[in-house]
Amino acid sequence: MPILDWTRTDLYYELETGATCLCFDADVFAAFDLFIVIRDGAEAEYTAEKYKRAEAAFTRMDDVSKQKLIRTIIAGLPGSEESYTVEQLRDQLTTCEGIDAGKLRENLALFLQEVIPVCIKTGSVMAIHPDDPPRPLLGLPSICSTEADYAYISKAVDHIANGFTYCTGCLGVRAGNDLVGMVQQ
């Protein structure tokens, strides 16, 4: 995932049981994209209905909620070394202009072609985690979210050292992913 790693809109979402978990709310994320980052071209990526839901989510936020959301998304998950301000995030997004899913896949294949032979020599195994959430974010492509993505990565370097983290939580929330079929493939 370019720029942002695993992305959540709430790191302490409280369940009915009182337990907390990580949460990704697509409407809240769209509100972040459209009304906080104010990313160029963002409006064109959302349907009228999704835009309306994002606008409603943004309207419900007070200043404290907005700051918490900013910290949650651009400060990264606990343990992450990357952290941005909103302005730095906008600048980072410009560095990826012109990098579509095809180019990002090509870059990943070039990386794997260099790294996997080293893994083979050392007896190591790589395991790529699916994009989390398994969808494009902030106009950035998602290239590890579907069975077709996994097939491409597998073919880039066809060796047991080029492995996958089979995160059913990520893969299972993407409509169209047949988890059993993906394992069989």
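**Exercises on helix H1 and its surroundings**

The buried residues of H1 pack against H2, H3 and H4, as seen in this predicted model.

**Exercise 1.** Work out how many residues of H1 are buried, and name them.

*Solution.* Begin with the cut-off, since a residue counts as buried when its relative accessible area is under 20%. By that criterion nine of the 12 residues in H1 are buried, and the helix is mostly covered. The buried positions are Val-28, Phe-29, Ala-30, Ala-31, Phe-32, Asp-33, Leu-34, Ile-36 and Val-37.

**Exercise 2.** Describe the largest nonpolar core and find the element that gives the most to it.

*Solution.* The core holds 27 residues, and those with the most contacts inside it are Ile-3, Phe-32, Ile-74 and Leu-89. Two or more residues come from each of helix H1 (26-37), helix H2 (48-60), helix H3 (63-74) and helix H4 (86-95). H1 gives the most, with eight residues. Turning to Phe-32, its contacts beyond four places in sequence include Leu-69, Ile-70, Ile-73, Ile-74 and Leu-89. A second, separate core has 13 residues, among them Ile-116 and Tyr-150.

**Exercise 3.** Examine the two ends of H1.

*Solution.* At the start of the helix, a side-chain oxygen of Asp-25 comes to within 2.9 Å of the backbone nitrogen of Asp-27. Just after the helix, Ile-38 adopts a positive phi of about 55°.

**Exercise 4.** Decide why Arg-8 counts as buried, and identify a side chain that it contacts.

*Solution.* Arg-8 lies in the segment before strand E1 (10-14). Its relative accessibility is 13%, and therefore Arg-8 counts as buried. The side chain of Arg-8 makes a polar contact of 2.9 Å with that of Asp-132.

Methods. Residues are numbered from 1 along each chain as its sequence is written. This is a predicted model: local features need pLDDT of at least 70, side-chain atom pairs count only at pLDDT 80 or more; totals for chains, interfaces and linings use all residues. Side-chain values use heavy atoms; hydrogens and water are left out. Helices (H or I, at least four residues) and strands (E, at least two) are DSSP runs, numbered from the N terminus. Buried means under 20% relative accessible area, exposed over 50%, partly exposed in between (1.4 Å probe, protein chains only). A polar contact is a pair of N or O atoms within 3.5 Å; within protein, one must be able to donate a hydrogen and the other to accept it, and residues adjacent in sequence count only if both atoms are side-chain atoms. A nonpolar core is a set of buried Ala, Val, Leu, Ile, Met, Phe, Trp, Tyr and Cys residues joined through side-chain atoms within 4.5 Å. Contact means heavy atoms within 4.5 Å.
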